[in-house]
Amino acid sequence: MTENTFLSKRAKRISFLFFAFLLFYLVSFLIDPYANFWKNYFHRDFSDIFAEWVVSFLFCFLIAEGSIQIHIRLNKRFPWTSNPLKRLILESALNICVVTLLILMEVVCVHLIYSKTLALNEELSSQNIREMLQWFIVSLLISFVIVSINTGSYLINNWKNTELKVSEHKLKMARLRQASIEAELNALRLQLDPHFIFNNLSVLSELILENPKLGYEYSENFSKVYRFLLINSKKNTITLADELKFLKAYIFLIENRIGAGVQFEIAVNEDAANLLLPPLTLQLLIENALKHNITSKSNPLKIKIYSVESQTVVVENTLHPVARKSDHSMGIGLANIISRFTLLSKTPPQIVADENYFKVMIYLMHYDQ
C-alpha cells in the first residue's frame, strides 16, 4: 500500500466518523424535536454533556468502523459482482447485529450517566424504552447510510477500474497491432530492393561496355532510382508527385533495358499530385506487367498510367501473357501493394481484367486519413 493510498483511506475513515457523529444528533433531533431531552439539553452540567459527547463519539466510531470492516471483508469473500442480492442481505444482517450489540452497550453507558439514582436492575420505564428504540433506529440509519456510501464508492471505483482496464487493454492491443503492422510493412519493403536491383545491374554492365555515354546516363538514372529507394524505404506513404518523379527515371531504365518492346503513356491529373500512396506502387505494377507479358517490337506491351476522377489512378496494360503451366500467381508486385494498402487500413486496389487489358485502380489517400 502506498503512502497516498494509506492517507486516503485514513481521511475517508475520519470523514465517516464525523459524518456519523453529526448524523446521529441530527436524526435524533428530527425524530422527536419536542422531547424534554432537547429542551433542557444545554441546561445540564457541562461534565454530563461532555461525557455524553464522548460516549456518542465512541459509539459512532464503532458503528462507522464496524460498517467499514464488514464492507471490506465482504468485498473479499462475497463481492457485489458475484451475487448482489446475497451480498445485500448478508451485509444488512451483519450491520443489524453489530448495531444491536452496540446499542445495548450504549444504553448501559447512557443509563449510568443520566440515571444516577436509578439502579441498573430497576425496570425500564416507557420513556427509557422509547429512547432506546430511537437510538436503535438512528444507529441503524447511520449504519446503512455508511454502508450505502461505501457501496456506492466501491461500485464507482470498480466501474472506473474496469473502464481503465478496458482502455489499457484496448491501448495495448492497438500498440500490438501497430507493431505487427509495422513489422509486416518492413518485411514487405525488404522484398523491393532485390526485386528491383538485380534486374538492372546486368543491363548496366553491358551498356558500359557497348555505349559508355548511354551507360553513364543509365547509371545516373539508376542512382536516382536507388536514391529514391534509400530515402523512402522506411516511409509508409509518399505523394503521387514524388512517385511520378521517381517513375520518370525508372521508365528510362525500362526503355533502355527492353527497347521498343514496351510503350508508356502517362496522363495524371495535377490536382492529385499531393495525394498519397505507398512508395513504389506504380513501379511494382509496371514490373508486374513486364513479368507476366511478352514484350516485342512487332507487338509492344502498352502501359498507361492515367487519372480517373481526382483521387484514383489507373495502371493499365495490354495483355500478351507469358505461357506458364503452373504459375497462376498475380506476382510479387501486386501482392505487395494489396498487402500494404490492407495493413494501412485503406481501400485496396481494385483489379479489372478482360481478354485485352489488365487494369489496377489505385485509390489515393489524403494526409488526414
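Trainee: At what angle do helix α7 and α8 pack?

Mentor: In this predicted model, helix α7 covers residues 212-232, and its axis lies 9 Å from that of α8. α7 passes α8 in a left-handed crossing, and the angle at which the two helices pack is about 145 degrees.

Trainee: Which residues of α8 does α7 meet, and how do the residues of that contact divide by class?

Mentor: From α7 the contact draws on Leu 214, Glu 217, Tyr 218, Asn 221, Phe 222, Lys 224, Val 225 and Phe 228. Facing them in α8 are Asp 242, Glu 243, Phe 246, Ala 249, Tyr 250, Phe 252, Leu 253, Asn 256 and Arg 257. Sorted by class, the contact of α7 with α8 consists of ten nonpolar, two polar and five charged residues.

Trainee: Why is α8 described as roughly parallel to α9?

Mentor: The axes of helix α8, residues 240-258, and helix α9, residues 281-292, come within 8 Å of each other and cross at roughly 25 degrees. Angles under 35 degrees count as roughly parallel, and therefore α8 is placed in that class relative to α9. The crossing of these two helices, moreover, is right-handed, and the angle on which the description rests is roughly 25 degrees.

Trainee: Which residues of α9 take part in the contact with α8?

Mentor: On the α8 side, the contact involves Leu 240, Glu 243, Leu 244, Phe 246, Leu 247, Tyr 250, Ile 254, Arg 257 and Ile 258. By class, the contact of α8 with α9 has ten nonpolar, two polar and three charged residues. The residues that α9 brings to it are Thr 281, Leu 282, Gln 283, Ile 286, Glu 287 and Leu 290.

Trainee: What is the phi of Leu 280, and is this residue buried or exposed?

Mentor: Leu 280 sits in the loop between β3, residues 276-277, and α9. Most residues other than glycine have a negative phi. Leu 280, by contrast, has a positive phi near 70 degrees, and with a relative accessible area of 4% this residue is buried.

Trainee: Is Thr 239 buried or exposed, and which residues does Thr 239 touch?

Mentor: Thr 239 belongs to strand β1, which comprises residues 238-239. Its relative accessibility is 11%, so Thr 239 counts as buried. Setting aside residues up to four places away in sequence, Thr 239 touches Ala 273, Asn 274, Leu 275, Leu 276, Leu 277 and Tyr 367.

Trainee: With which residues is Thr 312 in contact, leaving aside its neighbours within four places in sequence?

Mentor: Thr 312 lies in strand β5, residues 312-318, and is buried, with a relative accessible area of 7%. With those sequence neighbours left aside, Thr 312 is in contact with Tyr 306, Ser 307, Met 361, Ile 362 and Tyr 363.

Trainee: How far apart in space are Ile 68 and Asn 95?

Mentor: Ile 68 is part of helix α3, residues 46-77, where a relative accessible area of 7% marks Ile 68 as buried. Asn 95 stands 27 residues from Ile 68 in sequence, and the C-alpha atoms of the two are apart in space by 10.0 Å.

Trainee: What share of the contacts in the protein, among those with a separation of 6 or more, comes from residues 24 or more positions apart?

Mentor: The protein has ten helices and seven strands, and 38% of its 369 residues count as buried. Of the contacts with a separation of 6 or more, the share from residues 24 or more positions apart is 74%.

Conventions. Residues numbered from 1 in each chain as written. Predicted model: local features only at pLDDT ≥ 70, side-chain atom pairs only at ≥ 80, totals over all residues. Heavy atoms only, no water. Helix = DSSP H or I, 4+ residues; strand = E, 2+ residues; numbered from the N terminus. Buried < 20%, exposed > 50% of the residue type's maximum accessible area, 1.4 Å probe, protein only. Contact = heavy atoms within 4.5 Å. Axes fitted to C-alpha atoms, helices over the stretch in contact; angles between N-to-C directions. Parallel < 35°, antiparallel > 145°, perpendicular 65-115°, else oblique. Left-handed = near helix turned anticlockwise from the far one by under 90°. Nonpolar A, V, L, I, M, F, W, Y, C, P; charged D, E, K, R; others polar.
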